[in-house]
Amino acid sequence: MKKTILTIITIAIFTIITIAILGYICIAWHTGIVIEKELYNTLPETVAKFNNAQNIFKLNISHSNHERHLFSTKTHIYMTLTPKDGSSEDVLTLADKDFTIHHGPFPIAALKQGIFSPQQAWIDYEISQEAKPALWEAMGNQPFITGYISLDYSNNLIMKLFSRKFSEKREFETNINLEYELGNGSFTFISNNDSPIPSITLDLDRFHTKKANVYFTLDKLHIEFAGEKQSTNTHYLLSLDSLNTNLRDAFFNPDYDFTKSNNDTFLINNLKVDSTIDSNNQNITLQANLDKFTLIPESDDKRPAIKVNKISVNQKVNFGDSRTLNGFFSGSIDSILYGQQELGKAEINIDYQGLDKAEFGAAFIDEDTQYNQPINSRFELKKLNLHNDNGDINIKGLLDVTNLNKIYIINDPLDNINNFTLHVNAPLNVLARTFAQYYSPNNSGITEDQFNKSKKIVQDILAHMSNDSPLFTFSKDGEQGLFIDILQDSNDVNINGKIYNKSDVLELLK
């Protein structure tokens with residue numbers, strides 16, 4: 001009886017295993033048929049998504065010599081990248097070889113990568129020795145780029161590429177040394193069915209290049225571009241730990257002498273940029289934060305270093321109107337150091353409406369839009385604040401104008417101004433402190449004597465600048481400084497409490 005039961009159990013287990021194996025074989029064979037169809041359907045759609053998601057490269061993928069087997073499919077894939085802007089006719093060949101496409105649902109190649117979810121297809125990828133022999137040798141007879149492409153049963157496609165660390169040094173006959181270093185990197189492309197926009201992620205540990213004394217170094221770069229699920233919104237994220245360079249002069253001067261060593265050094269620490277593009281409402285929102293920006297003027301020992309800490313920027317732009325832009329901009333700086341002097345902090349807040357797109361070039365112009373109608377533009381400086389230990393400088397204003405682009409060519413520009421206000425409140429003590437700090441950058445503070453001398457100099461400068469103009473006053477509510485209060489509405493202009501006819505204001509500006 002026991003032998004019979006054991007035999008029945010053995011037969012049942014064997015039957016289950018047999019059914020599972022046959023089922024897996026059937027699924028794998030069916031998957032091969034599906035893969036063959038998807039190569040002709042999904043692949044072109046995915047390539048189109050990638051090309052539409054960015055304006056830098058054009059990706060081209062073609063395949064041939066298709067051979068379907070039980071657990072895998074062999075095909076020849078040709079993959080290239082070319083610049084979209086036509087800046088170069090060079091074609092970067094990413095792949096030109098036979099690939100083995102492993103059938104699901106659980107390809108062994110995927111399990112080796114720690115991927116245990118069902119996969120319809122899996123392709124391992126690496127740059128071959130034949131494709132880049134010099135690079136293969138430089139990498140110690142290893143592929144510079146490896147990766148994989150996977151397709152799940154919901155037709156979500158994932159491509160991941162990994163690059164190895166690479167460095168090189170060269171010395172030319174001109175005694176100019178060249179250094180180049182590329183850290184470990186990765187690139188991920190995900191095409192999801194629930195989002196019309198693919199997800200693209202780039203990570204790079206380090207990029208460094210140096211030619212003679214000119215260098216550029218970047219650490220921990222992360223770029224992310226992704227579509228939101230069930231939405232046409234696109235999310236963009238950029239971050240980096242640090243950027244260090246003195247390339248400014250070399251970049252702007254094609255005849256730059258690389259044997260020079262008098263370049264100003266720029267340092268950026270911990271930059272984060274977060275942006276969302278709403279294509280339905282044609283809005284772009286941006287948030288940017290930078291922990292520290294440093295300028296070291298190595299070209300001039302007498303000029304002090306400048307350090308700006310905790311920079312924050314918020315911006316929103318609406319492109320919905322066919323002719324104008326609307327939006328706002330705000331920013332703040334937590335501290336500004338000039339040499340050893342702490343100059344203080346700053347904050348700005350601007351709102352604008354009806355900004356003519358034509359002012360930004362032909363790319364913003366809608367050819368079907370009639371441009372013979374006047375444009376009413378409104379700019380409001382809600383806040384410009386500079387703060388130091390002696391107080392605050394505050395500036396705010398408003399400009400409501402018709403056809404801003406023509407205001408400099410008409411006979412009476414004030415006729416185009418519908419409303420104008422300007423309020424400047426700059427106390428003498430605040431100005432004097434900043435002036436004294438500017439001329440004493442090697443000290444961490446200022447003396448009372450320096451401050452008093454600075455006050456006298458600033459007073460003389462303001463008096464010389466004003467030339468007895470009614471646009472400026474130097475005392476307000478018992479406090480000395482520079483003050484402006486202008487309000488223009490209809491035909492009257494109130495300047496520091498005095499009423500002027502609009503037609504007379506131009507004479508005051510001469």
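This is a predicted model: local features need pLDDT of at least 70, side-chain atom pairs count only at pLDDT 80 or more; totals for chains, interfaces and linings use all residues.
Residues are numbered from 1 along each chain as its sequence is written, and side-chain values use heavy atoms, with hydrogens and water left out.

Of its 510 residues, 35% count as buried. On that scale, buried is under 20% relative accessible area, exposed is over 50%, and partly exposed is in between, with a 1.4 Å probe and protein chains only. The accessible surface comes to about 30300 Å², and 55% of it belongs to carbon and sulfur atoms. Those areas come from the Shrake-Rupley method with a 1.4 Å probe, and for residues only the protein chains shown count as cover.

Now the strands. β12 (residues 233–245) and β13 (residues 265–278) run antiparallel, joined by twelve bridges. As for pairing, two strands pair if DSSP finds at least two bridges between them. If you want a landmark here, Leu-237 stands opposite Asp-274 in β13. Then β13 pairs with β14 (residues 283–296), again in the antiparallel sense, over 13 bridges. There, Val-273 has Ala-288 of β14 as its bridge partner. The hairpin of β13 and β14 has four residues between the strands, and Gln-282 in that hairpin takes a positive phi near 55 degrees.

β23 (residues 492–495) and β24 (residues 498–501) pair in the antiparallel sense over four bridges, and Asn-494 is bridged to Ile-499 in β24. Two residues sit between these strands, and Asn-496 takes a positive phi near 50 degrees. Asn-496 is in the loop between β23 and β24, and Asn-496 is not a glycine.

So where does Lys-310, another non-glycine with a positive phi, sit? Lys-310 is found in strand β15 (residues 306–318), its phi is about 55 degrees, and the residue is partly exposed, with a relative accessible area of 46%.

While we're on strands, have a look at Thr-324, in β16 (residues 324–338). Thr-324 is buried, with a relative accessible area of 10%. Which residues is Thr-324 in contact with, leaving aside neighbours within four places in sequence? They are Asn-318, Gly-354, Leu-355, Lys-357 and Ile-375. Also, the C-alpha atoms of Thr-324 and Ala-358 are separated by 8.3 Å, and these two residues are 34 residues apart along the chain.

Next, aromatics. The structure holds eight aromatic pairs. To count, rings of Phe, Tyr and Trp (its six-membered ring) need centres within 6.5 Å; planes under 30 degrees apart are stacked, over 60 edge-to-face, and the rest tilted. One of the pairs is Tyr-180 with Phe-207, which is edge-to-face, at 5.7 Å centre to centre and 80 degrees between the planes. Tyr-180 lies in β8 (residues 177–182) and Phe-207 in β10 (residues 199–211), so this pair ties together parts 27 residues apart in sequence. Tyr-180 is partly exposed at 31% relative accessible area, and Phe-207 is partly exposed too, at 21%. Ring pairs also link Phe-144, Phe-166, Tyr-180, Phe-207 and Phe-216 into a cluster.

Last stop, helix α6. It covers residues 448–466, and at 1.5 Å a residue its 19 residues should span 27 Å; the end C-alpha atoms are 27 Å apart, which agrees. That expected span is 1.5 Å times one less than the number of residues. Which residues of α6 are buried? Phe-451, Ser-454, Val-458, Leu-462 and Ser-466 are. Seen down the axis, the buried residues of α6 fall within an arc of 90 degrees, so they line one face of the helix; the arc is that of the directions from the helix axis to the C-beta atoms. They pack against α5 (428–438), β21 (473–476) and β22 (479–489). On the other side of α6, Lys-453 and His-464 are exposed. And just after α6, Asn-467 takes a positive phi of about 50 degrees.

Technical notes
Contact means heavy atoms within 4.5 Å.
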